[in-house]
Amino acid sequence: MHVVLLGTAAGGGFPQWNCWCPSCRVARSEPDRAIPRSQSSAAVSADGGRWFLLNASPDVRDQLGRLSFPAPTGARHVPVEGIVLTDAELDHTLGIVLLREARHLQLAATDAVRRIIAEDSRILAVTAAFADVTLTELVPDRSIGLCYRDGTASGLTVTCFPVPAGPPRFAREERPGHTVGVIVRDERTSGSCAFVPGCGDLDAGLLGRLGETDLVLFDGTFWTDNELIGLGIGERTARQMDHLPVSGPDGSLARLAGLPSRHRVYTHINNTNPMLLEDGPERLAVERAGLQIGRDGMRFTL
Ligand code: MLT
Ligand code: MN
Ligand code: ZN
């Protein structure tokens, strides 16, 4: 299985258009010291030419340029066979409507996510006016096969599991399954990748699940719990925003450091997170613990 990190920043990207926090300043003035990043999404493929997106970011149009595929023979070519959603947040779903020219889009999402994008953000309803959108329901702990748009099996399977988080701010109701993590497995190679871009806590059960995969892509939104409060740009803590901070004795770094997974990589990194600085002590701490800080274009073969 091929995995490409299409985007590794949280909502707003890095630098964020209206942000002049310390790391956004460096990303503008010295991009070698703080590499700009687009909004988080990843792509997986069994054959290196037909791709499934893990979430569809508002930057999808530029991100698709990172995907390889055989030279198309016709006048149209859709390199995206399907989109797997972890939740209905805007930074993970706005890209769906931007792919409406595909004419046929396959989505895989929980029933709660389907209802939020159908009824609350209406991204599903708007996209369905332009394209034939088919939806396969993700049910926790039930593995489904990912099929190409022509109906044949890709050899990749996906399983979802609920993670601690609240629903998007614009969701009118809170339904179970509004936020999940997913594990994609390649039946041929047995390679597996966990994708968890938003997660408010990491208990032993969740850690055990992640530790069984070869590649863990995990929520790296905030370095500290009071990051936005300290910078004077927010009132809520990281945990109140359903993002477990990276640092500290109860942070994700301390917990993920012990996992046996071959690759453990942070994604969905907020522009305020100091680990985005290439030469900072935060990055060093992450790397010393055996983890990597995701960067757009990173590739893995599992
Ligand atoms: C989040 O990651 O917490 C959400 O994407 C928030 C947002 O959409 O602004
Ligand atoms: Mn987000
Ligand atoms: Zn910033």
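Two strands count as paired if DSSP finds at least two bridges between them. In this predicted model, strand β10 (residues 192-196) and strand β11 meet that condition, with 4 bridges joining them in a parallel arrangement. Within this pairing, valine 196 has phenylalanine 218 of β11 as its bridge partner.

**Strand β11 and its neighbours**

β11 is also joined to β12, by 5 bridges, and these two strands run parallel as well. Here leucine 215 stands opposite histidine 263 of β12. The two pairings are set out below.

Helix α6 (residues 204-211) belongs with β10 and β11 to a β-α-β unit, which is right-handed. Why is strand β11 largely enclosed by the rest of the structure? Of the 5 residues in β11 (residues 215-219), 5 are buried, so the strand is largely enclosed.

**The zinc site**

The zinc ion (ligand 3) is coordinated by the SG atoms of Cys19, Cys21 and Cys24 and by OD1 of Asn271, at 2.1 to 2.3 Å. The angles among its 4 donor atoms are 101 to 120°, and the site is tetrahedral. Along the sequence, the donor residues follow the spacing C-x1-C-x2-C-x246-N. Cysteine 24 lies in helix α1 (residues 22-29), while asparagine 271 lies in the loop between β12 (263-267) and α9 (281-288); the pair is 247 residues apart and links distant parts of the chain. Cysteine 24 and asparagine 271 are both buried.

Conventions
Residues numbered from 1 in each chain as written. Chains lettered and ligands numbered in written order. Predicted model: local features only at pLDDT ≥ 70, side-chain atom pairs only at ≥ 80, totals over all residues. Heavy atoms only, no water. Donors = N, O, S within 2.8 Å, 3.2 Å for Na, K, Ca; no water. Tetrahedral: all angles 85-135°; square planar, octahedral: opposite > 155°, others 65-115°. Buried < 20%, exposed > 50% of the residue type's maximum accessible area, 1.4 Å probe, protein only. Right-handed = clockwise from strand over helix to strand, strands pointing away.
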